[in-house]
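Have the viewer open and follow along point by point.

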Amino acid sequence: MTIEQLIRFFQRKRPSRVTDIIINLGAGLLFVVARVLLLGTVLNIFYFFYDNYRIVDLPKTCISTWFLSLLLIEFVYYWVHRSLHEINLFWASHQFHHNAVDIDVSTTLRDTLIDLVIYEFFPTPLALIIPPPILLVHMQFSLIYQVWLHTEVVTHLGPLEYIINTPRQHRVHHGKNRYCIDKNYGALIMIWDRVFGTYQAEEEKITFGTTTEPYKTYDTTTLHFYYYYDTVWHKFKAMDNWSDKMKALFYGPGWAPGKPRTGLLTDIPEVDPYTPAERYDPYIPFWQLFYCMSHGFLVALGFYVVTDHPLIRFSHLNSLIIFFYVMLALTSFGTIFDRRSVAPLVEVSRCLLYFLFDTYVISSWMDSSLAPHLRGLTESVLTVVRVIHFMSIVLWLMVWLSRTNRRCKETYDKLSLMKEDKYIDNYTIDKNRTDSWRVGRRMAFMGGAVSSFVILFMVFALRFDECTQFLNPIKVEL
């Protein structure tokens with residue numbers, strides 16, 4: 001990703017937005033956690049069908065078996081991917097991947113959990129023919145291969161474009177120009193696109209994104225699910241009969257009564273590829289960007305270190321805890337990027353919950369099988385991380401108090417102006433009441449701060465002996 005941004009700089013392309021990268025990487029973490037939870041179930045299903053109902057016994061060491069598996073996996077992927085575009089109910093989840101207006105390597109990770117479930121279970125019929133280990137290898141390789149397809153820095157690759165999928169061809173798939181709509185569904189090879197008539201070479205400059213304006217937010221939960229209510233549900237309710245209601249769900253997103261199954265291409269608005277794309281880009285102070293980058297790095301690093309441990313990998317409960325914590329982190333970062341008033345309190349809550357996460361997940365991981373020569377270093381790093389989260393709590397409580405005082409002052413000034421207006425006869429202002437409200441806010445802040453200290457003391461004193469040792473070289477037995 002860093003290399004790609006350097007190449008973009010030397011090619012004089014606009015760098016990717018930090019906010020998009022954080023959202024994309026966070027979606028990737030959710031994708032990985034969910035896949036860990038699903039992988040065992042998927043393998044069991046594959047083996048069930050293969051052991052009990054397989055049609056043929058293909059040799060696992062024969063190259064023809066692997067080649068056949070490649071063709072069949074790509075065939076299934078082609079139709080699954082095409083269904084995500086041509087069935088409105090599926091497009092509701094897949095639109096999150098396509099509403100990115102910038103394409104870079106991190107866009108590969110911009111997938112929803114529903115997409116994951118569809119991708120994982122649809123190849124199940126192939127288990128009647130292909131041995132599950134070979135099937136799983138090709139599925140995994142297909143996902144890894146697609147990482148380099150999402151970039152603007154790679155141009156024409158010559159004759160290779162007749163055989164394999166390339167970034168130039170996949171950029172067409174992400175375009176909202178009319179000639180790009182519903183094209184180039186392949187993952188590794190482009191054979192099936194050419195066979196079924198959906199292949200399209202890159203022509204004019206491409207504008208990325210969806211043909212409808214995406215929801216203006218960085219909140220991951222909203223971006224994942226808003227389309228179901230805002231579009232699918234409203235379209236379903238607007239239909240007059242059950243036939244049209246079912247078509248609203250299972251026909252294309254562009255369908256309407258009297259139109260073809262996937263809609264009319266002329267309904268797609270024309271785009272000027274040389275006009276700067278409209279993008280949701282609220283002003284975000286640099287310190288908040290740096291803060292979210294730092295905490296996003298901590299979340300990603302902890303995710304990488306902790307999830308590889310068997311205690312986490314084979315525990316559905318711990319995996320779910322990690323999943324919901326990452327979701328909370330993304331939601332919190334989204335409220336910060338959206339400049340929402342609840343952002344300070346949401347982030348304070350996330351930082352407080354980190355200590356519970358630390359207690360019941362990270363510490364159990366450390367206590368189980370961490371190598372002795374790494375324990376001291378790991379405890380020191382964790383102490384730094386805990387201090388960072390504690391300071392973050394203090395920071396966001398101060399931000400919340402500052403914003404509250406500013407809003408109270410603005411409200412008081414507004415009321416004062418209203419009082420002076422000659423057209424207002426019966427309006428009075430109780431300044432003491434306003435002052436008492438401000439005092440109440442401050443008391444609430446102090447109560448929150450004291451509660452934070454109490455929670456932190458309980459967590460440190462009752463669980464983390466190394467913190468006691470850090471403050472006092474004499475070990476205290478509790």
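1. A quick definition before we start: "buried" here means under 20% relative accessible area, and a salt bridge is a side-chain nitrogen of Lys or Arg within 4 Å of a carboxyl oxygen of Asp or Glu. Bear in mind, too, that you're looking at a predicted model.

2. Start with Glu74, which sits in helix α3.

3. Other charged side chains do find partners. By the rule above, the count is 16 salt bridges. Take Arg8 and Glu152, whose side chains meet at 3.5 Å, N to O. Arg8 belongs to helix α1 (residues 2-10) and Glu152 to the loop between α6 (132-145) and α7, so this pair ties together parts 144 residues apart in sequence. Arg8 counts as buried at 3% relative accessibility, while Glu152 is partly exposed at 21%.

4. Two further pairs deserve a look. Arg168 and Glu161 form a salt bridge at 3.0 Å, N to O; Arg168 is buried at 15% relative accessibility, and Glu161 is buried at 3%. Then there's Glu347 with Arg350, at 2.7 Å, N to O. Those two are three residues apart in helix α14, so about one helical turn separates them, and both are buried.

5. Now for a network: salt bridges link Arg14, Arg17, Asp20, Asp102 and Asp281. Asp102 is a handy way in. You'll find Asp102 in the loop between α4 and α5 (113-121), and it counts as buried at 12% relative accessibility. Asp102 and Arg17 are 85 residues apart in sequence, yet 8.3 Å apart in space, C-alpha to C-alpha. Leaving out neighbours within four places in sequence, the contacts of Asp102 are Arg17, Asp20, Thr107 and Arg279.

6. The largest pocket holds about 780 Å³. Its lining has 36 residues, and nearest its centre are Ile181, Thr211, Pro253, Gly254 and Ile268. The elements giving two or more residues to that lining are α3 (63-86), α4 (88-98) and α9 (220-238), with α9 supplying the largest share, five residues. By class, the lining splits into 13 nonpolar, 13 polar and 10 charged residues.

7. The second largest pocket comes in at about 670 Å³. It is lined by 31 residues, and those closest to its centre are Val101, Lys176, Pro214, Glu278 and Arg279. Arg279 has already turned up, as a contact of Asp102.

8. Most residues other than glycine have a negative phi. Asp182 has a positive phi of about 60 degrees; it lies in the loop between α7 (167-174) and α8 (191-196) and is partly exposed at 26% relative accessibility. Arg339 also has a positive phi, near 60 degrees. Look for Arg339 in the loop between α13 (316-337) and α14 (343-369), where it is partly exposed at 38% relative accessibility.

Technical notes: Residues numbered from 1 in each chain as written. Predicted model: local features only at pLDDT ≥ 70, side-chain atom pairs only at ≥ 80, totals over all residues. Heavy atoms only, no water. 1 Å grid on protein atoms, 1.4 Å probe; cavity = no way out; pocket = protein on both sides within 12 Å on 5 of 7 lines; lining within 4 Å. Points joined across faces, edges and corners; volume = space filled by probe spheres on them. Helix = DSSP H or I, 4+ residues; strand = E, 2+ residues; numbered from the N terminus. Nonpolar A, V, L, I, M, F, W, Y, C, P; charged D, E, K, R; others polar. Buried < 20%, exposed > 50% of the residue type's maximum accessible area, 1.4 Å probe, protein only. Contact = heavy atoms within 4.5 Å.
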